[in-house]
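Have the coordinates open and follow along.

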Amino acid sequence: MNGEQIATKLNLKLQKESRGLWDFLDSLVAIKCLNREGIGPTAQYSNTLESSEFLSKRGKGYIGTWLEILDTRSYHNIYTLDDVLRTGKPFNETDRGKNNLWMSIADKKKLERLQTAMGQMQLFNFKTLVDVFDFKPYTTLLDAGGCTALFTRILVKKWTHMKCISFDLPVVEEHAKRLIKEEGHEREIQVVSGDFFVDPFPKVDVVTMGNVLHNWPLSKKKYLVKKAYDSLNPSGVYIVIENVIDDERKTNIDALMMSLNMLVEYGDGIGFDYCFSEFESWARDAGFRQTKKIKLSDSASAL
C-alpha cells in the first residue's frame with residue numbers, strides 16, 4: 001500500500017503539503033517494522049516478516065495486546081515513579097490488601113485482555129524453554145500461576161507424554177479452560193483454582209512459575225520456593241522463568257526496569273526482581289542441592 005491508501009484505511013486527513021505520515025511510515029521502515037519499495041508519496045509499504053508474525057493479529061506470535069497494556073497502563077504508571085520513590089506507596093488501581101492484580105479488575109473483558117497480555121510477554125521465553133530443556137525424564141508438571149495455561153499448552157505440543165496442571169486463582173479458570181478446549185488439550189492439561197498461600201500443591205515431577213516470584217515480598221518469595229521444593233517428587237525440578245537481574249546489577253536493563261515497574265505497581269519492597277545469586281540462596285535454604293541459569297532471551301532466564 002502507498003501512503004495515501006494507508007491514510008484512507010486509517011481515516012487520516014492529509015493536508016496538501018503533508019509530511020507527517022511519510023515521516024511516520026519511514027520511521028517504521030528505519031526500525032524494521034515495515035518494508036518499503038520506492039521513496040516519496042508513491043512508495044509502497046508492507047509488513048516485514050517480523051511484523052507479520054508479532055504485530056499482526058493473524059500472526060501466531062502476536063504480542064499486540066501486551067503492547068496495548070504497556071501503552072494504557074505501564075507507561076502511565078511509570079510517570080509516578082518519583083512519588084513512589086519518595087513515599088514507597090504505589091499509585092494505581094491495584095488492591096493493595098490482596099496484592100493481586102487479577103482481583104482488582106472487575107470487568108471480565110478487561111481481565112481477559114490483561115491475562116492475554118501477560119502470556120504474550122512470556123511467549124518467546126516459554127517456547128524457548130520448551131525447546132532447550134529436556135522434559136523427557138518427567139511426566140507430571142504443575143505450572144503455578146499458569147494464568148491462561150499458555151506454558152502448558154505450548155509444552156504438551158512438543159512433549160506429548162506430559163500431564164500438566166495449570167494452577168491459578170478462580171478468576172482465571174474460565175478463560176484458561178476455554179483456550180485449552182479450543183486447542184484440544186483437555187486430556188493433557190487440568191486447570192485447578194486456588195491460592196498459592198492457602199491451598200496445597202500436588203506432588204509432581206516439575207514445578208514451574210513464570211513471572212510469579214517477582215510479584216511478592218522477600219518472605220513470600222522464600223515461602224513459594226520452599227513450597228515448590230516440598231511438592232516435588234524425588235529428582236524433581238523447579239523452574240522459574242523471569243527477567244533476572246545480573247549479579248553486578250549493571251547490565252540487564254530490562255530486568256532492572258521490570259523491577260521498577262513492580263515498584264510502581266505494588267510499592268517499595270512488595271514486588272521486585274532479583275539476581276541469580278539471591279535466588280540461589282533461597283533455593284539452598286529450601287533444600288535444593290543444585291541450581292543453574294538457562295538464558296532464554298537478552299533479559300529473561302530460566303532458573
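The term salt bridge here stands for a side-chain nitrogen of Lys or Arg within 4 Å of a carboxyl oxygen of Asp or Glu. Both Glu173 and Lys177 belong to helix 8 (residues 170-182), where they sit four residues apart, about one turn of the helix. Helices are DSSP runs of H or I with at least four residues, strands are runs of E with at least two, and both are numbered from the N terminus. Glu173 is partly exposed at 23% relative accessibility, and Lys177 is partly exposed at 42%. On this scale, buried means under 20% relative accessible area, exposed means over 50%, and partly exposed lies in between (1.4 Å probe, protein chains only).

Before going on, please note that this is a predicted model, in which local features need pLDDT of at least 70 and side-chain atom pairs count only at pLDDT 80 or more, while totals for chains, interfaces and linings use all residues. Residues are numbered from 1 along each chain as its sequence is written, and side-chain values use heavy atoms, with hydrogens and water left out.

How many salt bridges are there by this rule? The count comes to eight. Another one joins Asp83 and Arg86, at 2.5 Å from N to O. These two residues are three apart in helix 5 (residues 81-87), about one turn of the helix. Asp83 is partly exposed at 28% relative accessibility, whereas Arg86 is exposed at 60%. In helix 9, Asp230 and Lys226 lie four residues apart, about one turn of the helix, and their closest N and O atoms are 2.8 Å apart in a salt bridge. Asp230 has a relative accessible area of 38% and Lys226 has 34%. Elsewhere, Arg153, Lys157 and Glu183 are linked in a network of salt bridges.

Now for the interior. In soluble globular proteins, nonpolar side chains tend to be buried together. The largest nonpolar core here has 27 residues, and Phe196, Met209, Leu213, Val225, Tyr238 and Phe279 are those with the most contacts inside it. A nonpolar core is a set of buried Ala, Val, Leu, Ile, Met, Phe, Trp, Tyr and Cys residues joined through side-chain atoms within 4.5 Å. Among the elements that each supply at least two residues of this core are strand 6 (204-210), helix 9 (218-231) and strand 7 (232-243). Helix 11 gives the most, with five residues. To see the packing, look at Tyr238: leaving out residues up to four places away in sequence, its contacts (heavy atoms within 4.5 Å) include Val207, Leu224, Ala228 and Phe288. A second, separate core has 26 residues, including Leu141, Cys164, Ile180 and Val206.

What about the cysteines? A disulfide is a pair of cysteine sulfur atoms within 2.5 Å, and by this rule the count is zero. Cys33 is partly exposed, with a relative accessible area of 22%, while Cys147 is buried at 12%.

Last, look at helix 4 (residues 64-78), which holds Leu67. Leu67 is partly exposed, with a relative accessible area of 35%.
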